[in-house]
Amino acid sequence: MIGELIHIDKILTLALNGSFSLFLDGVATSATATLTWIPLAVVFLYIVIKNNDMSGIFMVIVAVGLCIFIADQTASTIFKPMICRYRPANDPQLMYLVDIVNDYRGGRYGFFSSHAANTFAIATFCALLVRYRILTIGLFSWAILNCWTRVYLGVHYFGDLIVGMFFGIIVGAFVYGVFVRLRKHRTMLSRYYSETQTMTGYAIKDIQVLILALVSTYIYVLFSALFIK
């Protein structure tokens, strides 16, 4: 049974890995770069500061940091050295079948994906924090895009990403649950809700700025892909 799942995982990975398109190579390279998303993070921080008091700002920043810490360290410090599953680009059984972009192969082991865990943890926490449908769709599209880049570049198996995705969702929901208890967030829902605010008190016009920043980053990824070699 396990052998069949591993076989299916390899087939899916090879199906999603690489292409004959230099443009898609550029998209994957640009989208997986941390620097690409820093302006979006700055806009998010601005909105958190604008829509919270000092304690709220501190708690949101700590909560997001905790999402990243738990997701990343569980994957990188515990599971990767314990499971020791090679990344596709480093797997002796698969490495010559995998398309590699700019000789990028990642670290030695890849189960499970830190990128998938981190992005889905952040997306889950922020979606629950703000409660605005369009932003939720945008956040999870961002997380999915990051997962796609990892399998496209050959540095993760499809299964690495699925496990990381579910773990990240669990981490994001858990951290938000702790945040609610400490912040007594549930009492804020009915108190702040209006046509100009989300259920959790964030100004809709500010959230729309964040959505615009996300869309602008997507456009940047597509544009920059034209110049990445």
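**Reading the model, feature by feature**

A: Let us begin with a single residue. Ile6 has a relative accessible area of 37%, so it is partly exposed. This residue lies in helix H1, which covers residues 2-16. Its C-alpha atom is 8.4 Å from that of Gly159, although 153 residues separate Ile6 and Gly159 in sequence. Please keep in mind that the model is predicted.

Q: How many helices and how many strands does the protein have?

A: The protein has nine helices and zero strands. Read from the N terminus, the order of elements is α-α-α-α-α-α-α-α-α. The radius of gyration is 19 Å, close to the 17 Å that the globule rule gives for 229 residues, so the protein is as compact as a globular protein of that length.

Q: What box do the C-alpha atoms fill along the principal axes?

A: The box is roughly 60 × 40 × 25 Å.

Q: How should I read burial and surface for the chain as a whole?

A: Burial is judged from relative accessible area, with under 20% counted as buried. By that cut-off, 47% of the 229 residues are buried. The protein exposes about 12,300 Å², and carbon and sulfur atoms supply 72% of this area.

Q: How far apart are the mean positions of the positive and negative charges?

A: The distance is 10 Å, taken between the mean position of 17 positive charges and that of 11 negative charges.

Q: Which residues have the most contacts inside the largest nonpolar core?

A: A nonpolar core is a set of buried nonpolar residues joined through side-chain atoms. The largest one here has 51 residues, and those with the most contacts inside it are Phe44, Val60, Phe125, Leu129, Leu135, Phe179 and Ile207. The elements that give two or more residues to this core are H2 (22-32), H3 (38-50), H4 (54-83), H5 (114-130), H6 (133-152), H7 (158-183) and H9 (204-224). Helix H5 gives the most, with eleven residues. A second, separate core has five residues, including Ala28, Val101, Leu153 and Val155.

Q: Is Asn118 buried or exposed?

A: Asn118 counts as buried because its relative accessibility is 15%. This residue is in helix H5. Leaving out residues up to four places away in sequence, Asn118 touches Ile68, Ala71 and Asp72.

Q: Where is His156 found, and with which residues is His156 in contact?

A: His156 is found in the loop between H6 and H7. Its relative accessible area is 1%, and His156 is therefore buried. Setting aside neighbours within four places in sequence, His156 is in contact with Thr13, Arg87, Pro88, Gly110, Phe112, Ser113, Arg150, Val151 and Leu161. Phe79 is 77 residues from His156 in sequence, and their C-alpha atoms are 14 Å apart.

Q: What should I look for in the backbone?

A: Most residues other than glycine have a negative phi, and most peptide bonds are trans. Exceptions to either pattern can then be listed one by one.

Q: Which residues have a positive phi near 55°?

A: Cys84 has a phi near 55°, and so does Asn102; neither residue is glycine. Cys84 is found in the loop between H4 and H5, and Asn102 is found in that loop also. Cys84 is partly exposed because its relative accessible area is 34%. For Asn102 the value is 52%, so this residue is exposed.

Q: Where is the cis peptide bond that runs to Phe112, and what is its omega?

A: The cis bond runs from Phe111 to Phe112, with omega near -5°. Phe112 lies in the loop between H4 and H5. Phe112 is also one of the residues in contact with His156.

Notes. Residues are numbered from 1 along each chain as its sequence is written. This is a predicted model: local features need pLDDT of at least 70, side-chain atom pairs count only at pLDDT 80 or more; totals for chains, interfaces and linings use all residues. Side-chain values use heavy atoms; hydrogens and water are left out. Helices (H or I, at least four residues) and strands (E, at least two) are DSSP runs, numbered from the N terminus. The radius of gyration is taken over C-alpha atoms; the globule rule is 2.2 Å times the number of residues to the power 0.38. Buried means under 20% relative accessible area, exposed over 50%, partly exposed in between (1.4 Å probe, protein chains only). Accessible areas come from the Shrake-Rupley method with a 1.4 Å probe; for residues, only the protein chains shown count as cover. Lys and Arg count as positive and Asp and Glu as negative; His and the chain ends are not counted. The place of a charge is taken as NZ of Lys, CZ of Arg, CG of Asp or CD of Glu. A nonpolar core is a set of buried Ala, Val, Leu, Ile, Met, Phe, Trp, Tyr and Cys residues joined through side-chain atoms within 4.5 Å. Contact means heavy atoms within 4.5 Å.
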